[in-house]
Amino acid sequence: MSDSKQSSTGQTPWYQHDEVDNRISCFDPITMKFASGFLWNKTMMIHMNCRGYAVSQFMQPEPSKYSAAPNIEAQTFMQPEQGYFAHHPGRFFYVKCHDTDEVFSLPYEPMRKSLDKFTFSIGLADIVWRIEHLAIEFILTLSLAEEGAHELWQLEVKNLSDDVKNISIYPCFSIGYKSWMNQSADYYSTSNAIIASSVKPYQKLTDYYKNQQLKDGTFLLADTAPTSWTSNQQAFEGEGGVHFPDAIKAKKLAQEAACYETPIAVMQYDVSLAVQQTAGYKFIFGACKDQAEVDDIRKQYFQNTTAFEQRQLGYQRYIDQSQHHFHLECEDKALNQFVNHWLPRQVFYHGDSNRLTTDPQTRNYLQDAIGMCFIAPEKTKQVLLTTLSQQKRNGCLPDGILLHPDAEIKYINLIPHSDHCVWLPICLKVYLDETNDLDILQEKIAFADNSELSTVAEHVELALDYLLNATNDRGLSFIEQGDWCDPLNMVGHKGKGVSSWLSLASAYALQQWCLIKENYTSSQDGKLAEYQYAAQALNDAVNKHLWDGNWYARGITDDNKCFGIADDVQGRIFLNPQSWAMLSGAADKVNIDNLLHEIDQQLLTPFGPMMLAPSYTKMREDVGRLTQKYPGTAENGSVYNHASAFYAFSLFKIGQADKALAIIQQMLSSEKDVLIRQQLPGFIPNYYRGAYQQFPDMAGRSSQLFNTGTVAWVYRCIIEELCGLKGEAGSLIVAPKMPSHWQKMTVKRQFLNAHFIVKIYRDESVTKQLTIIDGKSSSTNKVENIQAGKSYCLDVLLPFLS
C-alpha cells in the first residue's frame, strides 16, 4: 500500500523530507500507523494521525472538547502514547463507488481498506493526504485559521480514468458523548450545518452561572448543500458499526436527528465525475455556542470565493512568525531541515500558546520562554513580569502561573514542588543576553500577597534567598514533593528529603545571577560575593554527601537513605545530577571523566540517554510514584528528551561538542529507525521508550507527545553552543563548537535587530580561532557596537583537530 516515492537519500520508502516545500511525508498507514502532525492557534490545537484519528481541544478558558470519546473523559493534560480505538474521535470520509459497489474510507480508518496510493504529508501550516483508489484522486487538507476553535477541511476529488465515475462521499466527523444531562444534534438547512448542542454536567448552583458562556456545541459547516445527512451515531452505524455503517449501504442517509443520543456529523454528496473532472468541497468543524455563531462563521468563510483561502493564508503568516530568525547550513541535511523549520515551530507553539493551559507549571512557563527569546523576546519579557507578579513576598514562586482572571491552580500545580525559583535567573539571563534590556532589572512589581513595589532585581534575589533558606543542616536543598522531576513525590514529603539535582541547579542559578550582576549592573554590592560563596557551598555539599564514587546520587530520602547509587538494584544512576554537576562546576575533571564513562555504560541507548537505569519495576515508597510508572516510560527510565537536552547543553559547556551533537541528533527519527520510533521527525516528543536492557523490543517507541520543555534547550544548544553565537551585554560573542568531523557550516542569525551571516570553516593556516568581521580581523572574537538594521558578514576560521 505504499507510494513508490523515496526519501531524499533514496534509502527508505517509509518517509520523505521535501526540503523545498518544508514537508515531511509517509506512505503507508499500516507500517507507519502512528505517524502524525499537529496544528494549533492560541485558542485550540489538533493532533492528527495519518489514519484519521484526532486529539483536539480548545480553551474557554479551560481546555474543553468539541470532538469527544464515547464517554465523558477528564479534561486533563494530553496523554503520552495515545491509544486509538474504533470510536476514538476521528475525521473520516467514506466513499461508495456506484459503478463497482465498492466502499472504502479516507484517509484509512475506519474501514481499513487497502488503497492504491497513500501519502500523508505534514507541513508547517497544514496537513495533507494524497490518496488514489479506483482511478480516483483524493486530496484532503486540514488547516486552521489564526483565531477560532474550528478546523478547516478541504476535499478535492478528481477522476483519473477514461470513464465516468459515479460516487457518493460521506464526510463523517466524530462529536461523541457530550453530556448525561442534555445532548442532541440536527441539520439546519439555512446554515447548511449539522449542529450538536449539550449542557455541561454540573451539580453546584454557582456552576450554572459560570457555564453560561461556554461553547458546549459542536458544528460541521459545509460550503455546499449535501444530498442528505444524519446526526444520530447509533442509527448511522446500525449493525455494521463504524467499520461499515448500515446507513451507507442505503441509497441515501436517513436524515435522523439525535435526541438525547450520541451525536455525529455525517453528510452525503452524490457526484458524477466526467473524465478528468474535479470536484471540490470545503468544511468547517469545531466548537460553537449556538446557531447564530455558526451563521456568523459561515459569513466569515463563505461570503466570497476567497474568504476561506484568505483565512488559511492568515494562519500561514501566523506560523511564519517562527521562521527566519535563525538558519543553519551544515553537513547534516536532516538537522538543517529540523533546526530551520520544525524546531522553531515547536518552540513557537510552546511560547505563544502556553501549551493551551491557563495555569502552566512555573518551570514550564519560564523554560518555554527561554526558547521564545530567540523568536519573540518581548514575549519572554512578559513571561518574566507575569511570573514575578505572582511571587510571594518571602520569595516563593507558585507551582503554577495564572494566565486568565477565571483560572485556578489545579492538577499537578496543587502539589508543592521545590524547583520553580531556579528557573527565574536562568530565563532572565537568556533574556538579557539576547536583548541587553537593562531597564527590566529596575522595573517595579508588587507581590501576590503584598502591594509593596520591588524591582525585578530585588524579586530575583528574594527567590534566590528562598532557595538558600530551603536547605538542611548539610547544606542540601529540600525536595518537598518533587523538584523538576514531578513524580519523585515521596523522597521528601516528611520535610527531610533532599535533592542533589536541585542543589546543583540552585548553584547554577546563583551563578547565572552573579553573571547578570557583573555584566548588566553598574554597581556591585556585597550580595555578589555572598551568592558566589553560596553557589560554591552548594557544590561542596553535593560533593561531600552525594558523590558515590563514580557518579552523583539523586538525593537522600526522608529516612536518610541515599538513592541513585551503586548499591541500588534499580534506579542506580540518574542522568540529571551528572549533567548539572557539570553545569554548576561541582564536578572536577576526574569526576567528569568518571560520570561520563558511567553514562555511556549504563544510560546510553541508540535513541539517546535514559533518564535513569535500571528502570524501577515495583513501587519504592521512599522514592514515589515515579517507580509506579511502567519501566522505560516517562520519568522511569525513558529517553526523556528534556533531560537529554540538559545533558547536551552541559556537554557543550565542557567542550564535548561531538558527544553533545550526537545527543541532539538522537532526538530525531532517522531513516534507520523511523519504523521503531513510529514518528515523523516533525517534532521532538517528550520521550522515547527506554529500559533498553530490560525491554529491548519496546525501546525507542515515541510517546507522540509534543508538549515538552526539550525544544527551548535544544534551540539554545544549537544557536549559542554549536554555532557559538551568544549575546552578552550588547555584544555578540562568537565561539562556535563545531564537531570534529564537520569542516564547515554557514549560519544566519538575527540579533539586536541586526542581521549576521557567519561562515565557519576549518583552515590549516590557523592554530586557534580567527574571526574576521566585515573583512577585518577581531582580536576578541566579539562583535561590539552593533547597529540595528545593519548586516554583518563574519568569517570564522577554526583549526583542524588532530
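**Strands, cores and salt bridges in a predicted model**

Strand 13 (residues 165–174) and strand 19 run antiparallel and are joined by 8 bridges; two strands count as paired if DSSP finds at least two bridges between them. Strands (E, at least two residues) and helices (H or I, at least four) are DSSP runs, numbered from the N terminus. This is a predicted model, in which local features need pLDDT of at least 70 and side-chain atom pairs count only at pLDDT 80 or more, while totals for chains, interfaces and linings use all residues. Residues are numbered from 1 along each chain as its sequence is written, and side-chain values use heavy atoms, with hydrogens and water left out.

Strand 19 (residues 263–273) is mostly covered, with 9 of its 11 residues buried. Buried means under 20% relative accessible area, exposed over 50%, and partly exposed in between (1.4 Å probe, protein chains only).

A nonpolar core is a set of buried Ala, Val, Leu, Ile, Met, Phe, Trp, Tyr and Cys residues joined through side-chain atoms within 4.5 Å. The largest such core has 223 residues, and those touching the most other members include Phe120, Trp129 and Trp580. Helix 11 (residues 500–520) gives the most to this core, with 12 residues. Apart from it lies another core of 14 residues, among them Phe92, Tyr94, Val103 and Cys172.

Charged side chains form 37 salt bridges, each a side-chain nitrogen of Lys or Arg within 4 Å of a carboxyl oxygen of Asp or Glu. Aspartate 359 and lysine 410 form one of them, at 2.9 Å from N to O. This pair links distant parts of the chain, 51 residues apart: aspartate 359 is in the loop between helix 6 (333–353) and helix 7 (362–372), and lysine 410 in the loop between helix 8 (377–389) and helix 9 (420–435). Aspartate 359 counts as buried because its relative accessibility is 5%, and lysine 410 is buried at 16%.

Aspartate 525 and lysine 517 also meet in a salt bridge (3.4 Å, N to O). Here aspartate 525 is partly exposed, at 39% relative accessibility, whereas lysine 517 is buried, at 5%. Lys42, Asp352 and Lys379 are linked in a network of salt bridges.
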